Amino acid sequence: METSVPSSEPVRTQAAEVAQLPNHKVKIKKPGQRACNETNEKGKFCGGHLKRWFYTSDVLEQECGCVEKAWGADQEVYRCEFCHTLYLPSPEDSCGINVAGPGQLSIFGFAGPPKEGK
């Protein structure tokens, strides 16, 4: 599944679509996204892995508390390991918890059937 945007069309920014938190930058994951697509003030690409973040057990987040106040105690949230940008799951991913996506069939025929959502 490949999605591309023609160069003549503007790309939508996600910051306007997602309510931002006072101490965290929040974005929405693209379907199958596993790496951070944030850029810093110099334009350098972050590229950190997105990992499931259990904010209720994070000591620093317990002091702040803004994530739990905004979303409750059980929200599925991913955080970049380097820049700590928060990512909410994509509404287009329908496989339940979308840690690494649904998987793909191997073009070489070595892999088994694709993963199924639980």
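## A charged network

Let us begin with three charged residues: Lys25, Lys27 and Glu38 are linked in a network of salt bridges. Please keep in mind that this is a predicted model. Side chains of opposite charge can pair when their charged atoms come close.

Lysine 25 and glutamate 38 form a salt bridge through their side chains, with an N to O distance of 2.8 Å. Lysine 25 sits in the segment before β1 (26-28) and glutamate 38 in the loop between β1 and β2 (50-52), so this pair ties together parts that are 13 residues apart in sequence. Glutamate 38 also forms a salt bridge with lysine 27, and here the closest N and O atoms are 3.0 Å apart.

## Another pair, and the total

Elsewhere, the side chains of arginine 79 and aspartate 58 meet in a salt bridge, at 3.7 Å from N to O. Arginine 79 lies in strand β3 (residues 78-80) and aspartate 58 in the loop between β2 and α1 (59-64), so the pair links distant parts of the chain, 21 residues apart. Arginine 79 is partly exposed, with a relative accessible area of 23%, whereas aspartate 58 counts as buried at 17%. Over the whole structure, the search finds 4 salt bridges.

## The sheet

Now for the strands. Four of them, in the order β1-β4-β3-β2, form an open sheet with mixed pairing. β1 and β2 are the edge strands, each pairing on one side only. On average, neighbouring strands of this sheet are turned by 35° against each other, direction ignored.

β1 and β4 run parallel and are joined by 3 bridges. Across from isoleucine 28 stands leucine 88 in β4.

## Nonpolar cores

Which residues make up the largest nonpolar core? It has 10 residues: Val18, Leu21, Val26, Trp53, Tyr55, Cys66, Val67, Val77, Leu86 and Leu88. The elements giving two or more residues to this core are α2 (66-71) and β4 (86-88).

Another core, of 5 residues, lies apart from that one, and Cys36, Leu50, Tyr78 and Cys80 are among its members. Returning to cysteine 66, and leaving aside neighbours within four places in sequence, cysteine 66 is in contact with Leu21, Pro22, Asn23, His24 and Glu61.

A disulfide is a covalent bond between the sulfur atoms of two cysteines, and the cut-off used here is 2.5 Å between the sulfur atoms.

For cysteine 36, the closest cysteine sulfur is that of cysteine 83, 3.6 Å away, which is too far for a bond. Cysteine 36 is buried, with a relative accessible area of 0%. Cysteine 46 is in no disulfide either, the nearest cysteine sulfur being that of cysteine 80, at 3.5 Å. Cysteine 46 counts as partly exposed, at 24% relative accessibility.

Notes: Residues are numbered from 1 along each chain as its sequence is written. This is a predicted model: local features need pLDDT of at least 70, side-chain atom pairs count only at pLDDT 80 or more; totals for chains, interfaces and linings use all residues. Side-chain values use heavy atoms; hydrogens and water are left out. Helices (H or I, at least four residues) and strands (E, at least two) are DSSP runs, numbered from the N terminus. Buried means under 20% relative accessible area, exposed over 50%, partly exposed in between (1.4 Å probe, protein chains only). A nonpolar core is a set of buried Ala, Val, Leu, Ile, Met, Phe, Trp, Tyr and Cys residues joined through side-chain atoms within 4.5 Å. Contact means heavy atoms within 4.5 Å. Two strands pair if DSSP finds at least two bridges between them. Axes are lines fitted to C-alpha atoms, for helices over the stretch in contact, and angles run from 0 to 180 degrees between N-to-C directions.
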